[in-house]
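Open the model in your viewer and keep the selection tool at hand. This tour goes stop by stop.

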Amino acid sequence: MAKTVLAVDDSASIRQMVSFTLKSAGYDVVEAVDGLDGLEKAKTKTINLVLTDQNMPRMDGLTLIKNLRAQPQFAKTPILMLTTESSDAMKAQGRAAGATGWLVKPFDPQKLIEVVKKVIG
Amino acid sequence: MSIRHVAILAVVVVSYIFLAYLNVTYYSALGASMYFFGVFGALYFWNCGLQSSSGNPGNYLLQCDVDVNGALKHCAEAINQVSVVLAAQLDSIEEENIRVRNIFSEAIEKLIGSFQYLAVLSSKQNEIGLRITARGANDSSVRQFEDFASKTSSTLRQFVDSVIENSRTAMSLVELTDKITTQMREVKGMLGEIEGISKQTNLLALNAAIEAARAGEAGRGFAVVADEVRDLSGRTAHFSLQIRNSLTKMQDSVDEAELAINRMAAQDMTFALTSKTDVEHAMAGIEAMNEITGNAVAELNVIAEDVSTAVGNAVLSLQFQDMVTQLLEHTGKRVELLRAVLKDEAEMAEVMGKTLSLGDTLNALDNIQRHIVLQAGRFELLHRSVAKNPVAQTGFASGEVELF
């Protein structure tokens with residue numbers, strides 16, 4: 001059974017590209033337009049990996065991570081940040097919030113697949 | 001601090017604010033006009049004198065060659081005009097910003113769709129190539145045909161070889177029949193000798209019979225012997241004739257056999273050779289076709305890989321839309337802050353425009369001074385609030401990956 005990735009990004013094009021890239025590698029992808037939508041979508045399906053942007057309307061990526069980590073079923077789910085933010089301070093915040101890794105945009109489709117495979121197989 | 005000092009300070013601060021404005025926005029024409037306005041104000045207040053009318057502190061008379069209230073109103077009007085122009089420009093910036101984002105978004109969405117479709121087509125092309133290759137190697141119908149052609153070729157080769165071998169055998173048989181014919185001729189020759197002996201024996205027997213008859217009673221026994229000899233001679237002639245007849249029949253049979261053998265040996269092998277050549281050509285054609293197909297598939301696979309790489313690069317590059325959108329949103333925040341500043345400027349202008357008495361004028365100038373200081377602080381805040389740009393990237397190399 002294919003593993004499911006929750007892709008959270010307010011940019012439709014990024015969601016489209018992430019979705020296409022991961023689907024072509026055999027993953028199921030659930031898309032969410034921001035952190036709040038991500039929280040809702042996370043309830044609908046078993047999520048094996050969360051891939052989230054940082055700067056989004058309504059709820060940003062770090063808040064989403066904190067909210068997810070507060071739920072027992074997401075305590076150990078890998079969460080990767082995929083964002084244009086690349087400062088060490090932001091990365092430290094992400095790490096503190098419970099992020100598993102940090103990917104800086106723009107992403108290389110092949111590299112993204114490699115990282116996702118490494119994290120969830 | 002004298003009112004002149006306040007005014008000069010105000011001008012300096014206004015100049016500072018608009019210089020900051022120049023840095024914050026990139027609309028240098030607007031910034032320059034605001035700066036010009038500030039300098040103009042400084043020159044205006046510099047030309048005015050300030051005196052105490054009654055010696056009471058705080059009761060000042062502003063002496064100037066123009067009316068102070070009128071000048072303040074002019075300033076207010078000028079500020080209002082600039083504010084209106086700036087607000088309109090900010091509206092345009094915001095509207096254009098939104099349009100750019102929408103155009104980008106729509107165009108990139110379509111581009112991504114196109115590239116993804118390209119990737120799907122490339123993938124299908126690759127699959128077709130692999131299917132063709134697999135079919136060439138594993139497809140049972142193709143393999144069966146190749147087997148059939150191969151066996152046909154082998155059978156035809158055996159057939160031709162067999163015909164050639166038969167031909168050789170026939171030649172040997174013809175030689176043998178020729179030998180048999182020669183030997184039969186020899187036998188016939190020998191039969192002639194036997195017939196001659198038989199005739200002579202018959203003649204001898206006849207002579208013996210005559211002599212026996214002449215001898216009378218004494219020759220009776222001899223006459224019996226002579227008869228027997230004559231009979232033997234007759235039987236010999238008869239057997240000789242039978243043998244000759246048999247030999248003649250044998251000769252006829254041998255002749256017929258030779259004819260048959262010759263016909264067999266002369267049988268036309270062209271059709272077999274032609275068929276064999278055709279089958280070999282067909283086999284060579286199939287092999288050539290397989291090679292061409294294999295090469296074409298290999299090329300298609302290379303193209304598919306290239307397309308896949310190109311699509312990957314396109315996906316990487318198209319993410320500029322997200323970065324540009326975020327940068328534009330950031331610019332939008334700057335515009336929002338500037339709009340708030342302009343709103344305050346308009347309120348200040350309104351206060352300036354309402355000033356009537358000297359006391360009010362002084363209060364207004366004091367307010368203006370405080371307002372300018374406040375605005376300077378706001379610009380500082382603006383600087384700080386938008387200093388953190390969410391997009392640090394300046395190029396399109398793929399971003400770093402870090403797993404915690």
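The stops below move from whole chains to single residues.

**Stop 1: chain A**

Keep in mind throughout that this is a predicted model. Trace the chain from the N terminus: the elements run β-α-β-α-β-α-β-α-β-α. Now colour by burial. Chain A has 121 residues, and 56% of them count as buried. Take the contacts between residues at least 6 apart in sequence: in chain A, 61% of these join residues at least 24 apart.

**Stop 2: chain B**

Switch to chain B. Here you will find eight helices and three strands. Along the sequence, the pattern reads α-α-β-β-α-α-α-α-α-α-β. Chain B has 404 residues, of which 30% are buried. Look at its contacts between residues at least 6 apart in sequence: 85% join residues at least 24 apart.

**Stop 3: helix 3 of chain A**

Return to chain A and select residues 61-69, which form helix 3.

Two are helices: helix 2 (35-44) and helix 4 (88-97). The strands are strand 1 (4-8), strand 3 (49-52) and strand 4 (79-83).

Next, zoom in on the start of helix 3 of chain A. Show A:Asp60 and A:Leu62. A side-chain oxygen of A:Asp60 comes within 3.4 Å of the backbone nitrogen of A:Leu62.

**Stop 4: helix 3 against helix 4**

The crossing of the two helices is right-handed. Now show the side chains in the contact. Helix 3 of chain A supplies A:Leu62, A:Ile65, A:Lys66 and A:Arg69. Helix 4 of chain A supplies A:Met90, A:Gln93, A:Gly94 and A:Ala97.

**Stop 5: A:Lys91**

Stay on helix 4 of chain A and pick A:Lys91, which lies in it. Is this lysine, A:Lys91, buried or exposed? A:Lys91 counts as buried, because its relative accessibility is 6% and the cut-off for buried is under 20%. Leaving aside residues up to four places away in sequence, A:Lys91 touches A:Ser86 and A:Trp102, together with B:Glu400, B:Glu402 and B:Phe404.

**Stop 6: two loops of chain A**

Select A:Arg58, in the loop between strand 3 and helix 3 of chain A. Check its backbone: phi is positive, about 65 degrees, although A:Arg58 is not a glycine. A:Arg58 counts as exposed because its relative accessibility is 63%, and exposed means over 50%.

Finish at A:Pro106. This proline, A:Pro106, is in the loop between strand 5 (101-104) and helix 5 (109-120) of chain A. Show the backbone from A:Lys105 to A:Pro106. The peptide bond joining A:Lys105 and A:Pro106 is cis, with omega about 0 degrees.

Note on methods:
Residues numbered from 1 in each chain as written. Chains lettered and ligands numbered in written order. Predicted model: local features only at pLDDT ≥ 70, side-chain atom pairs only at ≥ 80, totals over all residues. Heavy atoms only, no water. Buried < 20%, exposed > 50% of the residue type's maximum accessible area, 1.4 Å probe, protein only. Helix = DSSP H or I, 4+ residues; strand = E, 2+ residues; numbered from the N terminus. Contact = heavy atoms within 4.5 Å. Polar contact = N/O pair within 3.5 Å; in protein donor to acceptor, adjacent residues only side chain to side chain. Left-handed = near helix turned anticlockwise from the far one by under 90°.
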